[in-house]
Amino acid sequence: MKMRLQNFLLTCSLLMMSAIASAAEPLPIFDAHMHYNIEARSTWSPRRVIALWRQLGIRAVLATSRPNDGTLDLIAQNAPDIKIIPFLRPYRVQPDRHDWFANPEIERFVEKELQRGIYRGIGEFHIFGKDADAPYMAKIARLAKARDLWLHAHSDEDAIERILHHAPGVKLIWAHTGMSTSLDKVEAMFAQYPNLVGELSFRSDLEQNGGLNPQWKRLFLRYPDRFVLGTDTWVTSRWDDVPQLMAFYRRMLSDLPADVAERIAYKNGLAMFGLQ
């Protein structure tokens with residue numbers, strides 16, 4: 001009887017220790033918007049980037065870079081504990097962001113890059129308003145739909161709707177969820193386009209009075225499977241902000257039910273790409 005009691009108490013102790021350890025672990029993060037551009041590579045080696053992600057509990061990333069060599073360098077690290085999902089960015093140099101959709105050289109560049117057979121999507125690319133009706137943008141949208149690739153668009157709501165009309169059903173990550181698009185419009189678009197996913201970097205209205213904005217909270221509860229997080233390391237200095245960004249996201253997510261927080265933090269990103 002005494003031995004059974006000791007075993008019972010030992011089991012309870014181990015379970016409590018496990019629960020405490022689990023509670024102390026930070027919420028894992030899927031970073032669905034990062035760039036490892038050429039400017040950052042002189043100070044942030046691939047090994048240093050991986051170490052930062054590991055330290056901060058970033059367990060998966062949607063990786064893009066300008067040029068795409070940076071993404072390939074990160075994959076080559078073969079980090080066993082960090083999943084890297086490569087996207088093809090249609091930029092060779094910074095000025096390409098302004099006219100990529102009307103540049104025949106970019107079309108040839110994208111075709112060549114796709115031959116690698118590794119990319120799960122195309123973007124992040126910038127396009128606004130009527131520019132999204134450019135023939136090459138329409139071609140990219142239809143190509144993504146046909147090949148089951150995601151698009152990642154930094155665009156206003158007008159351009160997003162034009163892209164989605166080019167290839168109904170194409171899967172699209174909306175960078176910054178429009179950044180300044182009203183939440184009423186965001187909600188209307190999410191109701192209309194079921195394959196639209198919102199990425200949350202640079203949404204300055206996420207926080208209100210030190211907590212999660214109630215309108216955002218309502219959106220998250222209505223569409224728990226439709227949002228992902230991102231750091232958007234678009235300039236080198238942004239890499240130094242990643243620890244603060246992770247702390248901010250975890251603080252905002254703490255205002256949500258645990259299952260919803262987990263979905264937005266990392267489960268949605270994994271599910272989008274069929275990962276465990």
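Visitor: Which residues does Trp100 touch, not counting residues up to four places away in sequence?

Guide: Trp100 touches Pro90, Tyr91, Ile106, Phe125, His126, Ile127, Tyr136, Met137 and Ile140. Contact here means heavy atoms within 4.5 Å. This is a predicted model, in which local features need pLDDT of at least 70 and side-chain atom pairs count only at pLDDT 80 or more, while totals for chains, interfaces and linings use all residues. Residues are numbered from 1 along each chain as its sequence is written, and side-chain values use heavy atoms, with hydrogens and water left out.

Visitor: What makes a group of residues a nonpolar core, and which residues have the most contacts inside the largest one?

Guide: A nonpolar core is a set of buried Ala, Val, Leu, Ile, Met, Phe, Trp, Tyr and Cys residues joined through side-chain atoms within 4.5 Å. The largest has 90 residues, and those with the most contacts inside it are Trp53, Trp100, Phe125, Leu151, Ile163, Phe220 and Trp239. In soluble globular proteins, nonpolar side chains tend to be buried together.

Visitor: Why is Ser65 called buried?

Guide: Buried means under 20% relative accessible area, exposed over 50%, and partly exposed in between, with a 1.4 Å probe and protein chains only. Ser65 has a relative accessible area of 0%, and is therefore buried. Ser65 lies in the loop between strand E2 and helix H3 (69-75). Its neighbours, not counting residues up to four places away in sequence, are Tyr36, Asn37, Gly70, Thr71 and Arg89.

Visitor: What makes the approach of the Ser65 side chain to the backbone nitrogen of Thr71 a polar contact?

Guide: A polar contact is a pair of N or O atoms within 3.5 Å; within protein, one must be able to donate a hydrogen and the other to accept it, and residues adjacent in sequence count only if both atoms are side-chain atoms. The side chain of Ser65 reaches the backbone nitrogen of Thr71 at 3.0 Å, and that of Gly70 at 3.3 Å.

Visitor: How do you know that E1 and E2 pair?

Guide: Helices (H or I, at least four residues) and strands (E, at least two) are DSSP runs, numbered from the N terminus. Two strands pair if DSSP finds at least two bridges between them. Five bridges join E1 to E2 (residues 58-64), and the two strands run parallel. Phe30 has Ala60 as its bridge partner in E2, and His35 stands opposite Thr64.

Visitor: Why is E1 described as largely enclosed?

Guide: Seven of the seven residues of E1 (residues 29-35) are buried, so the rest of the structure largely encloses this strand.

Visitor: What makes a crossover right-handed?

Guide: With the strands pointing away from the viewer, the path from the first strand over the helix to the second must run clockwise. One right-handed β-α-β unit consists of E6, helix H8 (residues 183-192) and E7. Three bridges join E6 (residues 171-174) to E7, in parallel.

Visitor: Why do E1 and E10 count as edges?

Guide: The open sheet has eight strands in the order E1-E2-E3-E4-E5-E6-E7-E10, with parallel pairing. E1 and E10 (227-228) each have a single partner strand, so one side of each lacks a neighbour in the sheet.

Visitor: Why does the radius of gyration agree with a compact globule?

Guide: The radius is taken over C-alpha atoms, and the globule rule is 2.2 Å times the number of residues to the power 0.38. For 276 residues, a compact globule would have a value near 19 Å; the chain has 20 Å, which agrees.
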